[in-house]
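Hello,

Here is the structure I promised to pass on. Please open it first, then read my notes beside it.

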Amino acid sequence: MEDRLNELRAEALARVAAATDEAALRAVDKDYNGKEGAVTLLLASVPGLPPAERPVVGKGANVLKRDIQGAIAARKEALEQAAVEAERSGAGFDATLPGAPQSRGSLHPLTQVRREVEAIFTSMGYAVLDGPEVELDYYNFQALNIPADHPAREMQDTFYCDREGRLVMRTQTSPVQIRAMERLAPPFRVIAPGRVFRNEEQDATHEHTFHQVEGLVVGEDITVGHLSGVLKGFLRRFFLRELEVRLRPGYFPFVEPGFELDIRCPFCDDGCRVCKHTRWVEFCGCGMVHPRVLDAGGVDPEAWTGFAFGFGLDRLVMLRYGIDDIRHFMGGDLRFLEQF
Ligand code: FA5
């Protein structure tokens, strides 16, 4: 039996030494260590051997198996090394050629601007919150003072996720207002940026999937003055100059009084395409948090007041970069994305 082991060893190691590629090495491994390999079969025969021979052959075969595997690994490395050497010293190899160019990716403009918005609000003491994109009808509508049969539901065409209408793709980031109140004890200030969805016809300024940034401040004696001061402060930091703003009455069931806040067009003095020649650009919906909404969030409306706002992030990015069609954002066209 020991002769057989020596024979196999000599044979296998000679084949490894003679192998010139990886396929040949794999064949050696299979022929000796594979399922039907010579060493494997030898090991399988051990239980049938006379007791005195069993340990010698068993141990010998195991050592041989390891040695063959070691020789294969060493040979493989030597072959690879040789291949590299050959390529380096061969004609046509030019170590001075520049490497293959690596193209560098960049963050989506919506991500860049969202981070900037977060940084500005964080510096004003706001926490940044997140909320689910698939939301309960309760948070998206009911708790925001929009009961099931309320006409305001028609202002935002909803994608429903189930037949019962209990789960919706959130149509606004406002549900995070309720989630924030449930979780945080006043006073607090938060923003909640995120993706929202509406079953709307798409055009240059409307997408079915877009982004909003919600803001909510709850505290003692909060007033409309605080609301307009915060938004003005934000706009100044974002556009790096003082932009005139105006509040118009606006209806949202979850605020009272409610407003639309417009900003003076950042692009012109006397009317242009962006402001549709009105010199004003709509910026956001906002107002004082409705007592019923405070109540739904578990905040005592007798003790606390608050303001809330919600603006479209996509439209803010469009204003920043002069982008004329919102559909570029999700169009996946690299020529658009590479500019940022
Ligand atoms: C709201 O969604 C309210 N939740 C805002 C709010 C929050 C009011 C807190 C009061 C207090 P509105 O439907 O107007 O409001 O949408 C807010 C902003 O989202 C708009 O000003 C606009 O910039 C953006 N927006 C609305 N619909 C679309 C759309 N289809 N595509 C892109 N942006 C949109």
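Two strands count as paired if DSSP finds at least two bridges between them. Keep that in mind for strand 7 and strand 8: they run antiparallel, and eight bridges join them. One caution before the rest: this is a predicted model.

**Domains**

The domain assignment gives domain 1 (2-89) and domain 2 (109-337). Their centres, taken over C-alpha atoms, are 70 Å apart. Leucine 8 and arginine 248 are 240 residues apart in sequence, and their C-alpha atoms are 93 Å apart in space.

In what order do its seven strands lie? The order is 1-4-5-9-8-7-6, and the pairing is mixed. Strand 1 (127-128) and strand 6 are the edge strands, since each pairs on one side only.

In general, strands of a sheet pair through backbone hydrogen bonds, either parallel or antiparallel. Walk across this sheet and you will meet both kinds.

- Strand 1 and strand 4 (residues 188-197) are parallel, with two bridges. Alanine 127 stands opposite valine 190, and valine 128 stands opposite isoleucine 191.
- Strand 4 and strand 5 are antiparallel, with ten bridges. Here alanine 192 has glutamate 214 of strand 5 as its bridge partner.
- Strand 8 and strand 9 are antiparallel, with five bridges. Methionine 288 stands opposite phenylalanine 307 of strand 9.

How much of strand 4 is buried? Eight of its ten residues are, so strand 4 is largely enclosed by the rest of the structure. Strand 8 is also largely enclosed, because nine of its ten residues are buried.

Which strands does helix 5 touch? Helix 5 packs on the sheet and touches strand 1, strand 4, strand 5 (209-219) and strand 9 (305-312). Its direction makes about 165° with that of strand 4.

Helix 10 (residues 313-321) lies across strand 5, strand 7 (255-264), strand 8 and strand 9. Helix 10 runs at about 60° to strand 9.

**Salt bridges**

Side chains of opposite charge can pair when their charged atoms come close. A search of the whole structure finds 16 salt bridges. Here are three of them.

Start in helix 5. Glutamate 118 and arginine 114 meet there in a salt bridge, 3.0 Å from N to O. Why are they separated by about one helical turn? Because they are four residues apart in helix 5 (residues 109-123). Glutamate 118 is buried, at 17% relative accessibility, because the cut-off for buried is under 20%. Arginine 114 is partly exposed, at 28%.

Next, arginine 335 and aspartate 333. Their closest N and O atoms are 2.7 Å apart. Arginine 335 is exposed, with a relative accessible area of 65%. Aspartate 333 is partly exposed, at 30%.

Glutamate 282 and arginine 248 form a salt bridge with their closest N and O atoms 3.9 Å apart. Glutamate 282 lies in strand 8 (residues 280-289) and arginine 248 in strand 6 (residues 245-249), so the pair ties together parts that are 34 residues apart in sequence. Is glutamate 282 buried or exposed? Glutamate 282 is exposed, with a relative accessible area of 57%.

**A closer look at arginine 248**

Arginine 248 is partly exposed, at 28% relative accessibility. Which residues does arginine 248 touch, leaving out those up to four places away in sequence? They are Gly258, Phe259, Glu260, Asp262 and Glu282.

Two of these contacts deserve a look in the viewer. The side chains of arginine 248 and aspartate 262 are joined by a polar contact of 2.7 Å. Glutamate 282 is the salt-bridge partner described above. Salt bridges that share partners join Arg246, Arg248, Asp262 and Glu282 into one network.

Best wishes

Definitions and conventions
Residues are numbered from 1 along each chain as its sequence is written. This is a predicted model: local features need pLDDT of at least 70, side-chain atom pairs count only at pLDDT 80 or more; totals for chains, interfaces and linings use all residues. Side-chain values use heavy atoms; hydrogens and water are left out. A salt bridge is a side-chain nitrogen of Lys or Arg within 4 Å of a carboxyl oxygen of Asp or Glu. Buried means under 20% relative accessible area, exposed over 50%, partly exposed in between (1.4 Å probe, protein chains only). Contact means heavy atoms within 4.5 Å. A polar contact is a pair of N or O atoms within 3.5 Å; within protein, one must be able to donate a hydrogen and the other to accept it, and residues adjacent in sequence count only if both atoms are side-chain atoms. Domain bounds come from an automatic or database domain assignment. Axes are lines fitted to C-alpha atoms, for helices over the stretch in contact, and angles run from 0 to 180 degrees between N-to-C directions.
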